[in-house]
Amino acid sequence: MSHTAHIPSHRKPRPQRVTKLRAGVAGGVLSTLAVAGTTGMANAAEPVTETIEMPTLTTDLATQVAATADATQQAADAYTLQADKDAAIEAAAKDAKEAKDEAKAKAAAKKRAAERAAKERAARDSERTTLSTASASATAEAPASGSVSAVISFMKAQLGDAYVMGATGPNAWDCSSLVQAAFKQAGVDLPRVSQDQSMVGTEVGTSNLQVGDILYWGGKGSAYHTGVYIGNGQYLDAANPSKGVVIQDLSGYPASGAVRVL
């Protein structure tokens, strides 16, 4: 190299190759950048591929979870339905058992009541048979005019019978039908109604009563009730629907008058 080569004015122009080299270098750099960019773009494209695939995986997983949830809900609903059915069956069985027990209890109570009523009826029938036999015996021994004892015995045998207007026995009476039936035991035929019964026989004062006298309440010929005096200030009659055939005290319900036929 010349000793003046470092002086700019004395430098020789560099060959065009330098420029080309620079251009080549620049081109190489650009190519490198292009390759890097392409590589970067290629590398950047990979996450996009993964991002596209992730929703697909997520959707499948969500579908599976939803299906599992539906299956779980269906199983829970089925269990609840079965539990409700079991509870309903148990309740129905309990109600049926209670109804059956109640029906059995009612049937047993009804049977006991029927047996008790039958015993009471048998006892009363037996008592009536005994009294009727005694009454028939007394009537046979009595004079033709009849027997007071037969009348009283018959009436006492009907104690406890029901009072029913218009009834004529054997287990239900009204006042005049009982008096008529009682005197028939003594062979005396009386009228059917109380008005006519107050007109038969001999009128006697209520202060001079004898056993067997017919008592009446109301006016003579228009009496509304009759009974028979049994002594000791008492009389026997078919009183009313609430009392039936009973013995009562004259002091509680004084008679209007009395007639004697025996």
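The largest nonpolar core in this structure has 24 residues. By nonpolar core I mean a set of buried Ala, Val, Leu, Ile, Met, Phe, Trp, Tyr and Cys residues joined through side-chain atoms within 4.5 Å. Buried, in turn, stands for under 20% relative accessible area, exposed for over 50%, and partly exposed for what lies in between, with a 1.4 Å probe and protein chains only. The residues with the most contacts inside this core are Val 151, Met 155, Trp 173, Leu 178, Phe 183, Leu 190 and Val 228.

Before I continue, two remarks on the basis of these values. This is a predicted model, in which local features need pLDDT of at least 70 and side-chain atom pairs count only at pLDDT 80 or more, while totals for chains, interfaces and linings use all residues. Residues are numbered from 1 along each chain as its sequence is written, and side-chain values use heavy atoms, with hydrogens and water left out.

Helices (H or I, at least four residues) and strands (E, at least two) are DSSP runs, numbered from the N terminus. The largest share, five residues, comes from α3. That helix, residues 175-184, is mostly covered, with eight of its 10 residues buried; among them are Cys 175, Leu 178, Val 179 and Phe 183.

Leaving aside neighbours within four places in sequence, Phe 183 is in contact with Val 151, Val 188, Leu 190, Gly 212, Ile 214, Val 228, Val 261 and Leu 262, where contact means heavy atoms within 4.5 Å.

Six strands form an open sheet in the order β3-β8-β4-β5-β6-β7, with antiparallel pairing; two strands pair if DSSP finds at least two bridges between them. At the edges are β3 (202-204) and β7, each of which pairs on one side only. On average, neighbouring strands are turned by 35 degrees against each other, direction ignored. Angles here run from 0 to 180 degrees between N-to-C directions, and the axes are lines fitted to C-alpha atoms, for helices over the stretch in contact.

Helix α2 lies across β5, β6 and β7 and runs at about 110 degrees to β5. Helix α3 lies across β4, β5, β6 and β7, at about 50 degrees to β5.

Within the sheet, β8 illustrates the pairing in detail. With β3 it pairs in the antiparallel sense over three bridges: Val 204 has Ala 258 as its bridge partner, and Thr 202 stands opposite Arg 260. Three bridges also join β4 to β8, again running antiparallel, and here Ile 214 stands opposite Val 259. Which way do the residues of β8 point? Gly 257 and Val 259 point one way, Ala 258 and Arg 260 the other way, and all are buried.

Gly 257 is found in this strand, residues 257-260, and has a relative accessible area of 2%. Not counting residues up to four places away in sequence, Gly 257 touches Glu 203, Thr 206, Ile 214, Leu 215 and Tyr 216. Gly 257 and Lys 220 are 37 residues apart in sequence, yet 7.6 Å apart in space, C-alpha to C-alpha.

Finally, the aromatic rings. The structure holds three aromatic pairs. Rings of Phe, Tyr and Trp (its six-membered ring) pair if their centres lie within 6.5 Å; planes under 30 degrees apart count as stacked, over 60 as edge-to-face and the rest as tilted. Phe 154 and Trp 173 are edge-to-face, 6.0 Å centre to centre with 85 degrees between the planes. Because Phe 154 lies in helix α2 (residues 148-157) and Trp 173 in strand β2 (residues 172-173), this pair ties together parts that are 19 residues apart in sequence. Phe 154 is buried at 14% relative accessible area, and Trp 173 is buried at 5%.

Trp 217 and Tyr 253, by contrast, are stacked, 5.2 Å centre to centre and 15 degrees between the planes. Trp 217 belongs to β4 (residues 214-217) and Tyr 253 to the loop between β7 (245-249) and β8, 36 residues apart. Trp 217 counts as buried at 1% relative accessibility, whereas Tyr 253 counts as partly exposed at 33%. Ring pairs link Trp 217, Tyr 235 and Tyr 253 into a cluster.
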